[in-house]
Amino acid sequence: MDALALEATSGKKPNNAAAPGAPGAPAPAKRKPAKKTKKAVVFFEVEILDAKTKDKLCFLDKVEPNATIGEIKSMFHKSHPQWYPARQSIRLDPIHSLFQVDVRIRGVCVSEGKSLKDEDVLQHLPVGTTATFYFRDLGAQISWVTVFLTEYTGPLVIYLMFYFRVPFIYASKYDFTTSKHWVVHLACMCHSFHYVKRLLETLFVHRFSHGTMPLRNIFKNCTYYWGFAAWMAYYINHPLYTPPVYGEQQIRLALIIFLFCQIGNFSIHIALRNLRPPGSKTRKIPYPTKNPFTWIFLLVSCPNYTYELGSWLGFTLMTQCLPVAFFTMVGFIQMTVWAKGKHRSYLKEFRDYPPLRSPILPFVL
């Protein structure tokens with residue numbers, strides 16, 4: 001009996017035992033917080049080869065996956081100081097192909113056979129952890145602002161030299177004389193207004209997606225603009241120049257067309273400027289604004305070229321001069337090439353791009 005009683009009492013807890021949380025009770029043991037496991041960062045190895053010779057130019061170790069092509073160019077520049085970032089063309093393929101293949105990686109369209117953009121991120125490109133890129137030297141570079149200011153200042157000065165008939169242009173008896181036709185003076189004002197507008201837009205309106213262009217282009221561009229300006233100005237300001245056939249009515253109509261298109265061109269440049277925040281390279285679909293001159297965006301991808309063409313058609317009608325007509329035709333061909341390129345770029349980049357738009361002329365071209 002005593003043994004059974006002892007057994008029964010030994011299994012019971014004493015009544016005076018302190019409950020958990022009561023005064024005098026031992027504090028429960030604190031659990032140590034589980035350590036958070038850090039995700040291992042997978043670094044990239046970047047190999048840069050010469051696009052022509054396939055020689056290894058640079059090897060970059062432990063490149064972060066979120067590094068951009070612009071940052072890789074800066075790293076490459078440290079080992080090769082003669083090739084500053086603006087001079088570098090980094091691409092996925094060694095040779096620029098006529099047939100570009102568009103690869104969409106995580107919503108980003110990458111064109112194989114084309115230079116990669118500075119904002120392209122390494123881990124979003126179709127490369128492995130050991131990435132191979134191909135380098136091509138673009139040659140000496142010059143800023144777009146410098147090019148535009150140079151190529152636009154030339155026509156302004158050259159035209160005025162012919163307008164004031166400085167010596168050694170026409171016969172000496174015409175030195176510093178003025179034309180008797182008022183259309184000659186009007187043409188000078190329109191031509192000067194056009195290029196002053198372009199200079200001011202270059203300084204205060206345009207935002208360039210690319211900061212530089214090859215230095216050799218400035219000679220080509222200046223030859224084009226300066227040469228045509230001299231050719232047009234020589235005939236318009238010539239002492240034997242004859243005014244348009246239909247006289248004052250033709251000139252007034254041409255002036256209205258010219259001014260209308262100049263205002264339209266400026267309106268489009270402002271609309272395009274407002275699409276891109278300062279210092280960024282973001283691209284958006286341009287749409288019409290409250291300004292009626294921008295409503296042409298409903299039908300045309302590059303209305304700035306459309307208005308530019310209209311301005312020179314008005315100037316051709318005003319002066320009735322063959323060199324001006326030829327300059328307008330050549331400019332239209334070049335602007336059509338640019339407009340088609342931009343139109344294709346819009347279609348590739350934006351899947352919801354308005355299908356009704358044409359590159360430069362509504363429903364035609």
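**Close-up 1. The side chains of E47 and K56 meet in a salt bridge in this predicted model.** The N to O distance for E47 and K56 is 3.4 Å. What sets the two partners apart is their cover: E47 is buried, with a relative accessible area of 19%, whereas K56 is exposed at 53%. With buried meaning under 20%, the 19% of E47 places this residue in the buried class. The structure as a whole holds 7 salt bridges, and two further ones are shown in the next views.

**Close-up 2. K73 and D118 join their side chains in a salt bridge.** Here the N to O distance is 2.9 Å. K73 lies in helix α2 (residues 69-79) and D118 in the loop between β5 (108-112) and β6 (130-137), so the pair ties together parts that are 45 residues apart in sequence. Is K73 buried or exposed? K73 is buried, with a relative accessible area of 6%. D118, for its part, counts as partly exposed at 29%.

**Close-up 3. Within helix α6, E248 and R252 are about one helical turn apart, and their side chains form a salt bridge.** The N to O distance is 2.6 Å. Because E248 and R252 are 4 residues apart in helix α6, about one helical turn separates them.

**Close-up 4. The rings of F228 and F326 make a tilted aromatic pair.** A search of the whole structure finds 30 aromatic pairs. In the one shown here, F228 and F326 sit 6.0 Å apart, centre to centre, with 40° between their planes.

**Close-up 5. F260 and F293 form another tilted pair of rings.** Their centres are 5.0 Å apart and their planes stand at 50°. F260 lies in helix α6 (residues 247-275) and F293 in the loop between α6 and α7 (303-319), so the pair ties together parts that are 33 residues apart in sequence. On the F260 side, the relative accessibility is 46%, which counts as partly exposed.

**Close-up 6. A patch of positive charge gathers K52, R136, R216 and K220 on the surface.** Take a look at R216, one of the members of this patch. R216 has its place in helix α5 (residues 216-236). How exposed is R216? Its relative accessible area is 55%, so R216 is exposed, given that exposed means over 50%.

**Close-up 7. F315 of helix α7 is shown together with C190.** F315 counts as buried, at 1% relative accessibility. How far apart are F315 and C190 in sequence and in space? They are 125 residues apart in sequence, yet 7.9 Å apart in space, C-alpha to C-alpha.

How values were computed: Residues numbered from 1 in each chain as written. Predicted model: local features only at pLDDT ≥ 70, side-chain atom pairs only at ≥ 80, totals over all residues. Heavy atoms only, no water. Patch = residues over 30% accessible without salt bridge, like charges linked within 9 Å, V, L, I, M, F, W, Y side chains within 5 Å. Areas by Shrake-Rupley, 256 points an atom, 1.4 Å probe, with all protein chains shown as cover. Salt bridge = Lys/Arg side-chain N within 4 Å of Asp/Glu carboxyl O. Lys, Arg positive; Asp, Glu negative; His and termini not counted. Charge placed at Lys NZ, Arg CZ, Asp CG, Glu CD. Helix = DSSP H or I, 4+ residues; strand = E, 2+ residues; numbered from the N terminus. Buried < 20%, exposed > 50% of the residue type's maximum accessible area, 1.4 Å probe, protein only. Phe/Tyr/Trp six-rings, centres within 6.5 Å; stacked < 30°, edge-to-face > 60°.
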